[in-house]
Every structure is written in C-alpha cells, then in structure tokens.
Amino acid sequence: MTSPMAEHTTLTGPLHVIGAGLLGTSIGLAARRNGIEVWLSDANPEHVRTAISLGAGEVPVPGRTPQLVVVAVPPVHIAEVALEALDTGAVVTDIGSVKAQPLEQIADQVDYATLARYVGSHPMAGSERSGPLAASAALFDGRPWAVTPHVHADPAAVRLVEDLIALCGAAAVRLSPVEHDLAVARTSHLPHLLAVLAAGQLTDAVPEHLSLSGQGVRDVTRVAGGDPDLYGQIIRANAGVVSDLLRSLREQLDLLIGAVDDPSPDDLVEILARGVAGTQIIPGKHGGAPLQTGPVYVLVPDHAGELARLFTDIGEIGVNVEDLRIDHDPGRLAGLVELQVEANAAERLRSALEARNWTTHR
C-alpha cells in the first residue's frame, strides 16, 4: 500500500539512510513500501544485515550518488556524518531531536551553496524498543514530522524532504530550528527530566512504600526509563533552552513550596488549576481540539481472553474508547482498566457494562 501523495513525489531515489536503527530502518521500510530504492549503512554491520533482511533496503551502490541522504545517527555524530553526506552532492536531512546545534556545526564547515542542500527534520515518532527489529513501515503514519529549513536552504531541497515525509505517511510541520528546539524542550526534554527526578526519588523508598505504587506514579515516571547516554546527548545538545526552562521551573517550584507551607489554600489551588489548564490545551486526536472525556473503570480478571471480551462488549454497546490504561491490582489476579470515553457517553457505557456483568467503578 502506498502513502497519500506518493504518486506526486519528486523523490525517486536512491535514498541513502545512514543509521539502521529503529527510525532509520522504519524510514527504509516506508520508502520501500512506495517503490523507492533505498541504501542502508550503519557503523554496526549487524544492524545493516538485519534491516536488509527485513526488506528495508540494500547496501549502497558504488559510483552512484543518492538523491537524498537521511542521517539517523546518535546526536553527537550528526554533524560529522551530515558533512560527509553533503560531499556526495546529495540533499541531506538528519532526524535528530535537536536542530540548531547541528545546523551551526555544519554551517561552520561549508559554503552557502553546500549548506543549501542541508535541511534538518525530526519525526515525532518512536518506540520504547530500539534497533532494526523494532522497526515498522507504519511507524510514522499520521505522526507530525518537523521540517526546519534555514534561511539558505534550497526550496527544492525542502520539498524533497517533505516528499520523504509524505511517503512515510507523516504530516510535515515547518518550524525554524530555534522554534523547534524550544518546542521540544517544552514538550519532551523538560518532561523527561521531571520524570527522571520523580523516578529517582523512588530509589530511596522502602519496599513497603513501593507496594502502594499506582498508575499515577507509572504515568509520571514512564519516560524516565530511556537510555541515559542517548538522552544525555539530546539534553546537552539543547542545553541553553532546557537550562532556561529549568530556571523558570525552579522559580515555580519555590512558589509551590511556599504554597504548600502556607495554611491558606488559595495559592496552592491556583497552581493546581494552572496544571489543569495546561492539560486542557494539549492537542487531541489528529491534532484537533482536546475532547472532553470521562473515565469508566472496569475490573478485569487477569487471564486470557478477558480484555478481548471487554472490547467486544464495548464495540457492541457502540461507544468509542479515546484512551485506556491498566492498573494491576497487587492484591488479586485482576486489573483495573481505565477507559477514557466522551464525557456524555461515560454513564451509558458504565450502565451497559454492568448489565453485561462487568464490575465498574466511578
């Protein structure tokens, strides 16, 4: 199956993907899905062999120049690899999560004519797994993918990168490199560091305290489990912006401490309300306005087939599930499934499930 706009692309190949990890291999699979010739290379030969065996591409053909090079390597190597790729005469993009630093490093080493062929980008997609075996041609489907052209970028090079994004099934979002780095600092880098601090506090807890862990602590700390070396590179590459946000947060933390110590509830309630307001402006599905949802909690026995039975019943009831999470009950073989549905459908779903002998909670 081809992606939308595939028949209109100016990207005909070859496409050279340098870095055959999760993202690089997924790009190769998506491009091959659309009939593009893909070359793969990686410092780890095993990654290349695995990616090729999955159908993501082939080894580069000597003597031929790729039309587009995608640099999908760790942050500390992006500029070095991109400079080598620019020497081939191809258009080059990288998919690192920080854009201003590699642009500055590359611009210091090349003339404007060469720099015109470099256009940074950043797909907002990934997985808790890594490596080529975790790759999927559908990884980017429906996901935003930032394109960060600089003032000297050739418009044709920008269009070529956006063609790749369309072939991968993603939606291009144009930002300047500086805008991009501020955006990801707010929405990704700062939340990651806060999760790290919250998770780090757990290392001092005794086992009896940890036995009380619920879904809330799992939600807050989940991203803290990422590779420390990789995320250290990402944070350091965006250090200036992240440091500014952390200083602002430190001021807010001082205000929060004062509000907690103050017997008057007004300041604390105001801070908590600001948090609620922040959650309400996060875009909803498909980039639309946030949907007002309500929770329906269902106790599900922890054995095969029960989740399937629950979702079969929900489908027959005719209520769409917007989101869900499962909190396992440490005291018995059951899980509490939290279903987020449209607010005006929550009570109807709850009553209908109880009529089908499900145990629900408000």
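**A buried position and its setting**

Reply: Ile 165 is found in helix 6, which covers residues 155–167 (helices, H or I of at least four residues, and strands, E of at least two, are DSSP runs numbered from the N terminus). The model is predicted, so local features need pLDDT of at least 70 and side-chain atom pairs count only at pLDDT 80 or more, while totals for chains, interfaces and linings use all residues. Residues are numbered from 1 along each chain as its sequence is written, and side-chain values use heavy atoms, with hydrogens and water left out.

Neighbours within four places in sequence aside, Ile 165 is in contact with Trp 145, Val 147, Ala 170, Ala 171 and Ala 172 (heavy atoms within 4.5 Å). Pro 123 lies 42 residues from Ile 165 along the chain, and their C-alpha atoms are separated by 8.5 Å.

Another buried residue is Gln 233, with a relative accessible area of 10%. Gln 233 belongs to helix 10, residues 228–237, and touches Pro 74, Pro 75 and Val 76 when residues up to four places away in sequence are not counted.

Helix 4, residues 100–107, has Pro 102, Leu 103 and Ile 106 as its buried residues. Seen down the axis of helix 4, these fall within an arc of 100°, so they line one face of the helix (the arc is that of the directions from the helix axis to the C-beta atoms). They pack against helix 3 (78–86), helix 5 (112–115) and helix 7 (177–202).

Towards the other end of the numbering, the axes of helix 13 (residues 306–317) and helix 14 (residues 346–355) come within 10 Å and cross at roughly 120°. From helix 13, the contact is made by Leu 310, Asp 313, Ile 314 and Ile 317, and from helix 14 by Arg 348, Leu 349, Ala 352 and Leu 353.

These elements belong to a protein with 14 helices and 11 strands. Of its 362 residues, 39% count as buried. Its C-alpha trace spans about 65 × 50 × 40 Å along the principal axes.

Technical notes. Axes are lines fitted to C-alpha atoms, for helices over the stretch in contact, and angles run from 0 to 180 degrees between N-to-C directions. Buried means under 20% relative accessible area, exposed over 50%, partly exposed in between (1.4 Å probe, protein chains only).
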